[in-house]
Each structure stands twice: as structure tokens, then as C-alpha cells.
Amino acid sequence: MNLDDVVLMARDLMKECTEKNGAPAWCLTELAIKQGEILAKKYGVDVRLVKIALYLAHTVFSPIWKGEVQKNHPQLSSEFSKSYLDKWRVSPDDQAVILNAIEAHHGQVPTASLTAEVMKNAECAKFTTVQGALIWLHELGRRGVPYQESVEKVFAKMEQKRELLTLDNCVAEAEKNCTKIRKLFES
């Protein structure tokens with residue numbers, strides 16, 4: 001199957017899973033996709049593989065903060081996505097890249113390609129932007145989390161993801177953005 005078609009099918013699957021799981025916020029997914037497109041171009045990797053991995057990385061997810069599903073979603077999403085990649089006739093080589101990117105985006109599994117590294121950085125960078133912090137704050141409010149607790153969770157997620165960034169420009173951008181985010185919420 002054509003990878004352009006797989007991107008669209010992965011997007012549709014992620015939308016379906018997001019509605020079923022009640023998380024993650026769709027705007028955060030779109031933010032990661034936008035960042036993935038920019039980074040794929042900058043680093044010369046196949047944007048389609050990055051986008052497929054980003055869409056499939058949270059197909060198994062939960063809104064429960066630090067719950068078992070949320071902690072294990074990289075492996076669970078990889079396992080869930082494998083059957084779809086087979087059904088969509090994605091080549092074994094491309095599947096290996098996509099599945100490794102999904103499994104490695106929390107840093108528990110090493111990335112095996114630059115494509116996986118780009119995907120991981122795109123996924124993590126979304127929480128180190130003012131836009132991502134505001135989307136996450138809104139999502140937490142929608143879930144009924146009190147404001148001050150939500151702010152603490154915005155900072156916690158920002159720091160967790162900042163530590164996972166490895167691409168120089170992402171690290172530098174996050175440093176600037178995290179300072180802005182802290183000032184925004186601490187003023």
C-alpha cells in the first residue's frame with residue numbers, strides 16, 4: 001500500500017482511538033504532527049513514516065495520569081498497531097522503523113533510526129511549547145483537575161519531555177520555551 005494512504009488510515013485510526021480512549025487531546029496530536037513535518041524535512045527523513053508513528057503512538061491510551069495504560073502505552077500501542085500495519089501491507093522494513101519509533105518515544109527503548117529519533121523529538125517537543133502547555137492545561141481542566149494541580153502537571157510533563165529531547169535544535173528551543181511557560185504560569 002502507498003505510504004500516503006497509510007498516513008491517512010493511521011490518522012483515522014488515531015481519531016477513532018482518541019474518541020474511544022478519551023485521550024490524548026487531539027490538538028496535542030496535531031501539534032506533534034506539525035513538529036514532525038518540520039523535523040522530518042530538517043533531518044531528511046521520510047515524513048510519512050514519522051507521521052504514521054506519531055499517529056499510532058497513542059492508539060492505546062488513557063486519561064488516567066500515570067496509570068498503568070499511560071505508563072505502558074508505547075509498547076501497548078506498538079502491539080496494537082502491528083496488525084494494522086500488516087493489514088495495510090506496510091513493508092517489514094518500514095514497519096520496523098514505525099514500531100521502534102512508537103516503542104522508543106518515552107526513552108525506555110533505544111531508537112534504531114534517525115526517523116525514530118525525529119518522531120520521539122516531535123512527540124516530546126509538543127509539551128515544551130507554550131501552545132502545547134496551554135492545550136494540556138485546558139485538557140486537564142476538561143478532565144476536572146483543579147487549576148493548581150493542573151499547572152503542576154503542566155510543569156511535570158514539560159520537564160519529563162524536555163529530558164527526552166536529543167536533537168540539538170529541539171533541546172535549544174525547549175530551553176527557551178520552558179522559561180516562557182514557567183513565567184506564564186508563575187506570574
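This is a predicted model: local features need pLDDT of at least 70, side-chain atom pairs count only at pLDDT 80 or more; totals for chains, interfaces and linings use all residues.
Let me start at Lys-66, which sits in the loop between helix 3 (47–56) and helix 4. When I say helix, I mean a DSSP run of H or I with at least four residues, while a strand would be an E run of at least two, and both are numbered from the N terminus. Residues are numbered from 1 along each chain as its sequence is written, and side-chain values use heavy atoms, with hydrogens and water left out.

Is Lys-66 buried or exposed? With a relative accessible area of 55%, Lys-66 is exposed, where exposed means over 50%, buried means under 20%, and partly exposed lies in between, using a 1.4 Å probe and protein chains only. Arg-89 also has a positive phi of about 60° without being a glycine, and its place is the loop between helix 4 and helix 5 (92–104). Arg-89 is exposed, at a relative accessible area of 68%. One more loop deserves a look, the one between helix 1 (3–21) and helix 2 (26–43), where Pro-24 lies; the peptide bond that joins Ala-23 to Pro-24 is cis, with omega at about -10°.

Now to the aromatic rings. The structure holds six aromatic pairs. Rings of Phe, Tyr and Trp, the last taken by its six-membered ring, pair if their centres lie within 6.5 Å, and planes under 30 degrees apart count as stacked, over 60 as edge-to-face and the rest as tilted. The pair of Phe-80 and Tyr-84 is tilted because the planes stand at 45°, with the ring centres 5.3 Å apart. Both residues belong to helix 4, four residues apart, which is about one turn of the helix. Phe-80 is partly exposed at 26% relative accessible area, and Tyr-84 is partly exposed at 22%.

Phe-155 and Phe-185 form an edge-to-face pair, because their planes stand at 75°, and their ring centres are 6.1 Å apart. Since Phe-155 lies in helix 8 and Phe-185 in helix 9 (residues 168–186), this pair ties together parts that are 30 residues apart in sequence. Phe-155 is buried at 12% relative accessibility, and Phe-185 is buried with a relative accessible area of 12%.

Ring pairs also link Trp-65, Phe-127 and Trp-136 into a cluster. Over the face of Phe-127 lies Lys-157, at 5.4 Å from the ring centre; here a charge sits over a ring if NZ of Lys or CZ of Arg is within 6 Å of the ring centre and within 35 degrees of the ring normal.

Lys-157 and Trp-65 bring us to the largest pocket. Which residues lie nearest its centre? Of the 20 residues that line the largest pocket, those are Trp-65, Gln-70, His-106, Lys-157 and Gln-160. Two elements give two or more residues to this lining, helix 4 (68–87) and helix 8 (147–164), and helix 8 supplies the largest share, four residues. The lining divides into eight nonpolar, five polar and seven charged residues. Here Ala, Val, Leu, Ile, Met, Phe, Trp, Tyr, Cys and Pro count as nonpolar, Asp, Glu, Lys and Arg as charged, and the others, Gly among them, as polar. The volume of the largest pocket is about 320 Å³.

On a 1 Å grid over the protein atoms alone, a pocket is an open set of points with protein on both sides within 12 Å along at least five of seven lines, a cavity is a set where a 1.4 Å probe fits but cannot get out, and lining residues have an atom within 4 Å of a point. Grid points are joined across faces, edges and corners, and a volume is the space filled by probe spheres set on the points. The whole structure has one cavity of 30 Å³ or more, and its lining residues include Met-14, Leu-54 and Glu-123.

Setting aside neighbours within four places in sequence, the contacts of Met-119 include Leu-54, Ala-101 and His-105, contact meaning heavy atoms within 4.5 Å.
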